[in-house]
Amino acid sequence: KQEVTQIPAALSVPEGENLVLNCSFTDSAIYNLQWFRQDPGKGLTSLLLIQSSQREQTSGRLNASLDKSSGRSTLYIAASQPGDSATYLCAVIPAGNNRKLIWGLGTSLAVNP
Amino acid sequence: NAGVTQTPKFQVLKTGQSMTLQCAQDMNHEYMSWYRQDPGMGLRLIHYSVGAGITDQGEVPNGYNVSRSTTEDFPLRLLSAAPSQTSVYFCASSSTGHLTGELFFGEGSRLTVL
């Protein structure tokens, strides 16, 4: 059974720091992996989607990598800003017929001015 | 750009009452879904639809009904509300299905069942 884990659950950093958020999954047979951002009291916003055949995706200051063999994905945020404060969730779609998103619980990020 | 619109944003119900959470998208997406989000449990899929007239159950369908009469709308009905259904509900849509496409979420409907 596929499980997704995000550690740490919470992270607090000073503004300007480069940081890495981690996402681990137990079964390497995935179709794709997605990173989302959730602001307090709001819905989720898709940040990056990595297909199983890809190693990384980039969008602005965000870079997501995927290593299926080790069951890991990282979201790298460069030069963090207070506006980056939010909860970041990752989700995988397992390969196979039952293709439903399996969600992590998220990492709550606070970037302090 | 409306995207995915959910109503109401907040609702308080008494046990046993019924209600419908509305979800509408204006992006002509075929795939729509309902999730609930609870502390410590993450997002759980309730029901989903891959097109008008087609719906299927997710992980936690009991106590909820859905229908998809149009591409735009995907309402979620609580038949007889229970305190265990207190949660934040999110509707999401995608153009290519959750298999490959980016998911667009509504802002959520916060439901409290007393």
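This is a predicted model: local features need pLDDT of at least 70, side-chain atom pairs count only at pLDDT 80 or more; totals for chains, interfaces and linings use all residues.
Start by selecting Gln2(A) and Thr26(A): the side chain of Gln2(A) reaches the backbone nitrogen of Thr26(A) at 2.9 Å. Such a polar contact is a pair of N or O atoms within 3.5 Å; within protein, one must be able to donate a hydrogen and the other to accept it, and residues adjacent in sequence count only if both atoms are side-chain atoms.

Residues are numbered from 1 along each chain as its sequence is written, chains are lettered from A and ligands numbered from 1 in the order in which they are written, and side-chain values use heavy atoms, with hydrogens and water left out.

Stay with Gln2(A) a moment. Is Gln2(A) buried or exposed? With a relative accessible area of 9%, Gln2(A) is buried (buried means under 20% relative accessible area, exposed over 50%, partly exposed in between, with a 1.4 Å probe and protein chains only). Leaving out residues up to four places away in sequence, Gln2(A) touches residues including Phe25(A), Ile30(A), Val92(A) and Ile102(A), where contact means heavy atoms within 4.5 Å.

**Next stop: a sheet in chain A**

Gln2(A) sits in the segment before β1 of chain A, so follow the chain onward to the strands (helices, H or I, at least four residues, and strands, E, at least two, are DSSP runs numbered from the N terminus). Select β1, β3, β8, β7 and β6 of chain A: in that order they form an open sheet of five strands with antiparallel pairing. The edges are β1 (4–5) and β6 (56–59), each with a single partner strand, so one side of each is left without a neighbour in the sheet. Two strands pair if DSSP finds at least two bridges between them.

Zoom in on β3 (residues 19–25) and β8 (residues 72–77) of chain A, which run antiparallel and are joined by six bridges. Which residue in β8(A) is the bridge partner of Leu21(A)? Pick Leu75(A) to see that partner. Strands of a sheet pair through backbone hydrogen bonds, either parallel or antiparallel.

Of its 113 residues, 43% count as buried.

**Crossing to chain B**

Now show both chains. The contact takes 19 residues from chain A and 21 residues from chain B. Between chain A and chain B about 1,600 Å² is buried, with carbon and sulfur atoms giving 58%; buried area is the accessible area (1.4 Å probe) that two parts lose on being put together, summed over both. In chain A, select Leu44(A), Lys100(A) and Trp103(A), which lose the most area to chain B, together 30% of what that side buries.

From Leu44(A), step across to Gly106(B): among the residues that Gly106(B) touches are Gly43(A), Leu44(A), Phe90(B) and Cys91(B). Gly106(B) is in the loop between β10 (104–105) and β11 (109–113) of chain B, and at 0% relative accessibility Gly106(B) counts as buried.

Finish with all of chain B, which has eleven strands and zero helices. The C-alpha trace of chain B spans about 40 × 30 × 25 Å along its principal axes, and buried residues make up 48% of its 114 residues.
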